[in-house]
Amino acid sequence: FGIDVKLPGMLHAALAQPPMLGGKVRRLDDTAAKGMPGVRHVVSTSSGIAVVADSWWQARKARDALRIEWDGSATAALNDGSILRGLKQASSGAGLVARQVGDADAALESARRVVRAEYQLPLLAHATLEPQVCTADVRAGACDLYIPTQSQGAAQAAAAAAAGLKPGQVNVHTTFLGGGFGRRLEVDVIGAAVEASKEAGKPVKLLWTREDDMTHDAYRPPAWDTAAAGFDGDGRLVAWKLHLTGPSITARVFPGAIPAGSVDPFCVEAAANFPYDVPNILVDWVRHEVGLDVGYWRSVSHALNCFVAESFMDELAYAAGKDPAEFRRALLAKQPRYLEVLEVALRRAGHDKPAEGRFQGIAVMEGYDTFMAQVAEISIADGKVKVHRIVCAVDCGQAVNLGIITAQIESSVIFGLSAALWGEINVQGGRVQQTNFHDYRVLRLDEVPAIETHLVSSDNPPGGIGEPATALVAPAVCNAIFAATKQRLRSLPIARHKLA
């Protein structure tokens, strides 16, 4: 792992970063830090002040002794309220069409009954177990980088820019990742490590603290989405409209990849491929940047959009007076792969006869060419939800390693359930409020439900398995909560809500 790297003569660095997003150093007094044991250098870098010392703990203690006056004016007005207001205001405008079948607006106008709902999704951190870390060894005309990274090319380019070298002069040594989930596509830890090594003339391992990591992430985007559907006089679903609003990760990470006036395909996943047989469909997207960096998070926008789409489908089933499973079955008759995973999940979960006091919820989705259905089984006690089982049916095409598939499903479910229950990043005055696992909760051992993975045999080409299961957890659990309480949750995390 990156945190384990040891090189001859290596020094260690801790980084003082601005407590507010986008902050800059206004004034620095490093007198006390320079006089502390083991300290070799104090380096002003592109992302903060790095203290380089013989050990990381010496660097960390000296970092905390720095007296820094920060300029946080760039994001002083950024907070939860301003982010949500901006999303809502942007949502009132017309979106770019991601999918259109028939005329959904006209069908809604003429529908006998129209159902509408609004959904809010929060910022989320990646919260990798291993914080960001990078070891750089800069020498004349060369740089070796030892780093847990998901993007070697971007890492090489970032190191070259910081060292004043050509990319071909940088060797990237990829270590194991102590958790990635999209976080290690980012290269924000590299510049300071390279700059510190260049100044010190020795290899330098720069390690962020947990608090650094939590408060300086590239967060999963927030969203404000609206949905509308119409039924005709015979109770048939004749219109479906999903209006998505949020920022574009791709436009930041790959400038120029999303031309002006174009839909970011990563923002409409699990929405544009709406599988249900409805004659009039409109899915559109409004791009609205929220004033902070957003990044790819396990399942990217599938988790956002599956929550909206599958929560709303459940709501429509109840509006139509039908069982949610039967409602989906009828609308998936032309989608055999969706239908098969749904049937397998329902059968394996014993959907017709849940245990007394238990309630079940359903979600289906295709992501990364893998078709999946989940059934969540829960109970409610003292206003809190307990998730007992997650049953997952998977058609990922031709399967190669069944153990990896099971491990990825279990990991994805735990990751998704942590986010669904508690995941939320709050911003006030440009500062992220959560700092560690005491206020950014993840599942503990005794909270992990039974997770069942049932693989559907398939001759289709292999699909992805590392991410899609994350996306179905929140809607399946929230649909089960409705079955138990008749309380419809249209925002996350679940901990925001008082359950009856």
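Leaving aside neighbours within four places in sequence, which residues is Thr245 in contact with? The legends below take up this residue and others.

This is a predicted model, in which local features need pLDDT of at least 70, side-chain atom pairs count only at pLDDT 80 or more, and totals for chains, interfaces and linings use all residues. Residues are numbered from 1 along each chain as its sequence is written, and side-chain values use heavy atoms, with hydrogens and water left out.

Figure 1. Thr245 lies in strand 13, which covers residues 237-246; helices (H or I, at least four residues) and strands (E, at least two) are DSSP runs numbered from the N terminus. With a relative accessibility of 1%, Thr245 counts as buried, the term being used for under 20% relative accessible area, with exposed meaning over 50% and partly exposed in between (1.4 Å probe, protein chains only). Apart from neighbours within four places in sequence, Thr245 is in contact (heavy atoms within 4.5 Å) with Leu87, Ala90, Ser91, Pro222, Ala223, Trp224, Asp225, Val286 and His288.

**Figure 2. Ile465 in the loop between strand 20 and helix 13.** Strand 20 spans 450-455 and helix 13 spans 468-485. Ile465 is buried, at a relative accessible area of 14%. Residues up to four places away in sequence not being counted, Ile465 touches Thr370, Met372, Val394, Cys396, Ile405, Gln408, Ile409 and Ser412. Glu211 is 254 residues from Ile465 in sequence, and their C-alpha atoms are 31 Å apart in space.

Figure 3. A disulfide is a covalent bond between the sulfur atoms of two cysteines. Here the criterion is a pair of cysteine sulfur atoms within 2.5 Å, and the structure holds 0 disulfides. For Cys143, which is in no disulfide, the nearest cysteine sulfur is that of Cys134, 7.8 Å away. Cys143 counts as buried at 0% relative accessibility. Cys306 is likewise in no disulfide, and the nearest cysteine sulfur belongs to Cys392, at 11 Å. The relative accessibility of Cys306 is 1%, so this residue counts as buried.

**Figure 4. The protein chain as setting for the close-up views.** The secondary structure of the chain comprises 13 helices and 20 strands. Buried residues account for 57% of its 500 residues. Of the contacts between residues at least 6 apart in sequence, 78% join residues at least 24 apart. Along the principal axes, the C-alpha trace spans about 80 × 50 × 45 Å.
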